[in-house]
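Thanks for passing this one along. Here are my notes on the ligand site and on one further pocket.

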Amino acid sequence: PTGKSELSMERDLEKKIIVVTGGADGIGRECALAYAREGASVAVLDVDGAKAEATAAESGGASIGLVCDVSKGAEVETALKRVLAYYRRIDAVHNNAGIASPSKPLHETSEQEWDDLQRINLKSVYWTTRYAFAALAESKGAILNTASMVGLIGQQNHAAYVATKGAMISLTKAMAADYAVHGIRVNAVCPAGVWTPMLERWCEEQPDPGSIRKYLDDIHLLGACPHGDVIADAAVFLLSNKARFITGCILPVSGGAELG
Ligand code: NAD
């Protein structure tokens, strides 16, 4: 489409087939529901298969939930083959699955913790790209990565996690450059804090969860620490045709948290 009038009658993601990893809960779940509201069918991939199916059922329409550990190449290959067998196309992949690191400096981080973060938060993007590339090239589709503000500005006591998000930001730009010729756009959203099970768990691990909650509410200049809907609205835009000339964009959806 080239003009607003052609788009104005349609929802933003009408008839698109969108894969969301880590879509069973938290930010991924909010995005899956938002994509479906905008007319997409969503394939929810998550290590928790039952919850993935529940999110897909809540999304309605032709959405499906599939169990998939995104850190395992064979599981990603199988899941994406099933998605393609079912829908015959993929218009977008949202790489959202991720884990947080325990609060500690790098030298206290175990090799297992380092490797898990790298495999789940970063290498997963390699696997989904490897197995969805052909379909995305055919649909002239889009990739969206859930990075983090900490990948841009750093964070105390979370070096191993920050490293995965910084790398994801670099990877987004490199993939955008490589895949423009195929018509595939690649962008990232960077949340600061978002109330999800991950952030709830992180608060509970802190010595004083109450003061951390207050801190999280205070740092977002546009208001209290948000829920996933603010990320979902940005994600809908970046995967829609309205963003058809946007690639390599690292978009803070942070309420100005980094500016205070
Ligand atoms: P969450 O823990 O609430 O939900 C993550 C989902 O991913 C869960 O459904 C979980 O089962 C799934 N998952 C975990 N490991 C997986 C794997 N190996 N394979 C497939 N699925 C897997 O987390 P969230 O807060 O919604 O975070 C989503 C993304 O947003 C993550 O990449 C996270 O780093 C990023 N992020 C979150 C915040 C925040 O404040 N919540 C801030 C910045 C960035």
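This is a predicted model: local features need pLDDT of at least 70, side-chain atom pairs count only at pLDDT 80 or more; totals for chains, interfaces and linings use all residues.

1. Numbering runs from 1 along each chain as its sequence is written, and side-chain values use heavy atoms, leaving out hydrogens and water.

2. The ligand is surrounded by 29 residues, the closest being I27, D46, Y161, V194 and T196 (a residue is near if one of its heavy atoms lies within 4 Å). By class, this shell holds 16 nonpolar, 8 polar and 5 charged residues (Gly is counted as polar).

3. Do look at the ligand's oxygen atoms. One lies 2.7 Å from an N or O atom in the side chain of D46. Backbone polar atoms also take part: the distance from a ligand oxygen is 2.8 Å for V194 and 2.9 Å for N96. The protein buries 92% of the 840 Å² that the ligand exposes when taken alone (Shrake-Rupley method, 1.4 Å probe).

4. Which elements give two or more residues to the shell around the ligand? They are α2 (26–37), α7 (159–179) and α8 (197–205), with helices being DSSP runs (H or I) of at least four residues. The largest share, 4 residues, comes from α8.

5. The second largest pocket holds about 320 Å³ of space (the space filled by probe spheres set on the grid points; a pocket is an open set of points on a 1 Å grid over the protein atoms alone where a 1.4 Å probe fits, with protein on both sides within 12 Å along at least five of seven lines, and lining residues have an atom within 4 Å of a point). Its lining has 18 residues, with K140, G141, G183, R185 and R244 nearest the centre. The lining of this pocket divides into 7 nonpolar, 5 polar and 6 charged residues.

Methods:
A polar contact is a pair of N or O atoms within 3.5 Å; within protein, one must be able to donate a hydrogen and the other to accept it, and residues adjacent in sequence count only if both atoms are side-chain atoms.
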